[in-house]
Amino acid sequence: MSFHSTLSRHQQMVDSLFAMTPQLEALSNRINECVLAGNKVLFFGNGGSAADAQHMAAEFIVRYKDDRQPLAAIALTTDTSILTAHSNDYSFDSVFDRQILALGKPGDIAIGLSTSGNSKNVINGVKAAQSLGIYSVAFTGDSGGQLLEIADECVRIQSTETARVQEGHIIIGHWLCEALDAQLA
């Protein structure tokens with residue numbers, strides 16, 4: 001696989017993001033309203049998507065580029081005691097929904113990341129969020145998987161390649177932070 005080939009696939013994914021502008025601007029406004037009302041964003045996913053969830057939560061709390069007030073966000077992928085105790089005592093399939101039921105409240109936003117859209121624990125987390133009246137957003141790959149039918153909103157990256165999907169999620173996450181910085185300035 002040549003570097004040029006990888007860059008070409010990356011560029012195709014980036015080019016496809018332009019069509020998502022109205023959806024992403026609406027999501028940015030929803031997140032802005034959420035945090036201004038004193039609510040929070042709950043991020044969760046597995047593997048690389050877990051790392052992306054942590055990355056996005058850090059950008060919200062610490063800062064993206066501009067100094068601003070911290071934005072309330074939690075990555076449900078970071079507490080190893082909760083993750084391992086719950087997975088041992090119950091099931092890894094319900095590790096996120098248990099945390100959402102404990103920490104979430106109406107007015108929050110839950111963002112579940114799953115490149116396939118079929119991760120059982122992300123699906124269950126979205127369902128738990130909805131049971132509490134929390135707006136749910138799925139960040140997925142091209143098909144949307146099961147999350148397309150379950151989440152209140154599905155942000156689908158137009159690629160079936162895991163690396164390109166994750167790159168798209170981070171581009172969108174960074175842009176959301178940039179847009180929030182501008183809105184809150």
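Two residues are in contact here when their heavy atoms lie within 4.5 Å of each other. Keep that cut-off in mind as we walk through this model, which is a predicted one.

## The sheet

Let's begin with the strands. Five of them make up an open sheet: 5 strands stand in the order β2-β1-β3-β4-β5, with parallel pairing. β2 (73–75) and β5 are at the edges and have a single partner strand each, so one side of each is left without a neighbour in the sheet. From one strand to the next, the twist averages 20 degrees.

What holds such strands side by side? Strands of a sheet pair through backbone hydrogen bonds, in either a parallel or an antiparallel way. The table lists the pairings in this model.

| Strand pair | Sense | Bridges |
|---|---|---|
| β1 and β2 | parallel | 3 bridges |
| β1 and β3 | parallel | 5 bridges |
| β3 and β4 | parallel | 5 bridges |
| β4 and β5 | parallel | 4 bridges |

## Strand β1

How many residues of β1 are buried? The count is 5 of the 5, so β1 is largely enclosed by the rest of the structure.

V41 has A73 of β2 as its bridge partner. On the β3 side, F43 stands opposite I111.

Next, look at β4, which spans residues 135–140. This strand is mostly covered, with 5 of its 6 residues buried. Together with β3 and helix α6 (residues 120–131), β4 makes a right-handed β-α-β unit.

S136 of β4 is the bridge partner of A110. F139 is paired with V155 in β5, and T140 stands opposite R156 in β5.

Helix α2 (residues 21–36) also belongs in this picture. The helix lies across β1 (41–45), β3, β4 and β5. Relative to β5, α2 runs at about 130 degrees.

Is F139 buried or exposed? F139 has a relative accessible area of 0%, and buried means under 20%, so F139 counts as buried. This residue lies in strand β4. Setting aside neighbours within four places in sequence, F139 is in contact with L27, M56, I111, G112, L113, S114, V155, H169, I172 and L176.

G168 takes us to a helix, α8 (residues 162–184). G168 is buried, with a relative accessible area of 0%. When residues up to four places away in sequence are not counted, G168 touches M13 and I157. The C-alpha atoms of G168 and Q130 are separated by 25 Å, and the two residues are 38 residues apart along the chain.

## A pair of packed helices

Finally, let's see how two helices meet. Two packed helices are described by the angle between their axes and the distance between the axes. Helix α4 (residues 80–89) and helix α5 (residues 95–103) pack at an angle of about 115 degrees, and their axes are 9 Å apart. The crossing of α4 past α5 is right-handed.

Which residues of α4 and α5 meet? On the α4 side they are I82, L83, H86 and S87, and on the α5 side V95, R98 and Q99. Sorted by class, the contact of α4 with α5 has 3 nonpolar, 3 polar and 1 charged residues.

Technical notes
Residues are numbered from 1 along each chain as its sequence is written. This is a predicted model: local features need pLDDT of at least 70, side-chain atom pairs count only at pLDDT 80 or more; totals for chains, interfaces and linings use all residues. Side-chain values use heavy atoms; hydrogens and water are left out. Buried means under 20% relative accessible area, exposed over 50%, partly exposed in between (1.4 Å probe, protein chains only). Helices (H or I, at least four residues) and strands (E, at least two) are DSSP runs, numbered from the N terminus. Two strands pair if DSSP finds at least two bridges between them. A crossover is right-handed if, with the strands pointing away from the viewer, the path from the first strand over the helix to the second runs clockwise. Axes are lines fitted to C-alpha atoms, for helices over the stretch in contact, and angles run from 0 to 180 degrees between N-to-C directions. A crossing is left-handed if the near helix is turned anticlockwise from the far one by less than a right angle, and right-handed if clockwise. Ala, Val, Leu, Ile, Met, Phe, Trp, Tyr, Cys and Pro count as nonpolar, Asp, Glu, Lys and Arg as charged, and the others, Gly among them, as polar.
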